[in-house]
Amino acid sequence: MQEQHRLTPGPLLNEKGDLVEAGYACSLVKDYDKSMVKGGSFRLKEWDYYYVGNSDYGVALTVADNSYMGMVSVSVLDFKAKFDVTKSIIVPFTRGKWNLPTTSKTGDIEVSDSKKGYSFRFLNLGQGKRRLVVFVKSMDKLSTPFHCDIALEETSPNSMVIATPFAKKAHFYYNQKINNQIAHGYAKFGDRMLDFNSSSFGVLDWGRGVWTYRNTWYWCSVSSCVDGHLLGWNLGYGFGDTSKASENMLFLDDKAIKLGGVCFDIPISSTGGDDFMKDWLFRFKDDSFELRFHPIYDRHSDTSALIIRSNQHQVFGVFSGSFLVDGKPFSFSEVPGFAEKVFNKW
């Protein structure tokens, strides 16, 4: 496996708005300073995305300030009933007014509009504890309300952090994924109650960066418990220059195990496109990890507005496979999680 560069503490960006160094870490060792961003006032994208779920259902919550527009979004998923609903609310020209924190370690996010009928509160309670309190007055044509109050607690000091440059000057992506957060609480969609008090976990996708216009990304995330061990991983690729480090990392209890490159082998349909609902295979360059994915539900959306488009396949299912840790095999079967392919023009 090609050696991957581990980030050192210090500023994220230099005076030209380029990354001081590219690579990975297990915590936010680089200081993100928005005043150093030089890639264009409408290209900066900042978001906090949470997914909380178990084998039966899940909730995805997003607050994103993409400069030319802000977005708050809720997705509710029921895997047994094969049901999902998403409500996204767009606010034009936010341009940083939502004041998303420059670190995941401290700071709250509170965005609301009583006229549009939403309130998003992502509260950072310190010591790895968070609380997600969200209300949306109308999720669908039937004006079905949504409310959740979910507590998350980190289980390890280690997370996946990567600083990725793009070929274009002053464009970069600084990203952290915090897996295996224990979830407690509930979400309510109309009369449908989702109880997150048993075998439920959350992941935070914390992203800050200046992106190029057209991108495709692949992302796979698992947070779970197997035979009394906390097991999770982050796998992904598809954008930017990852020659210094991949974003692939495995988490077992309090260990973080760095992985090399991976390819998502999505089956091809009879028409030549991706067949997302057939079993996937994940191919690792260093053969350290055997991983198979059996899809259960494809949350697909394809939205387009003028020059903006987002075509998303977030596929939920179960994973089986094995890996070596300290020279010993660790096997697992039917662990819930998701894998996705997303194309954006934004």
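Q: What share of contacts in the chain joins residues at least 24 apart, among those between residues at least 6 apart in sequence?
A: A contact means heavy atoms within 4.5 Å. Among contacts between residues at least 6 apart in sequence, 55% join residues at least 24 apart.

Q: What should I know about the model and its numbering?
A: This is a predicted model, where local features need pLDDT of at least 70, side-chain atom pairs count only at pLDDT 80 or more, and totals for chains, interfaces and linings use all residues. Residues are numbered from 1 along each chain as its sequence is written, and side-chain values use heavy atoms, with hydrogens and water left out.

Q: How many helices and strands does the chain have?
A: Both are DSSP runs, numbered from the N terminus: helices are H or I, at least four residues, and strands are E, at least two. Here there are zero helices and 24 strands.

Q: What percentage of the residues is buried?
A: Buried means under 20% relative accessible area, exposed over 50%, and partly exposed in between (1.4 Å probe, protein chains only). In this chain, 55% of the 346 residues are buried.

Q: How many disulfides are there?
A: A disulfide is a pair of cysteine sulfur atoms within 2.5 Å. By this rule the count is zero. For Cys26, the nearest cysteine sulfur belongs to Cys220, 18 Å away.

Q: Is Cys26 buried or exposed?
A: Cys26 counts as buried because its relative accessibility is 9%.
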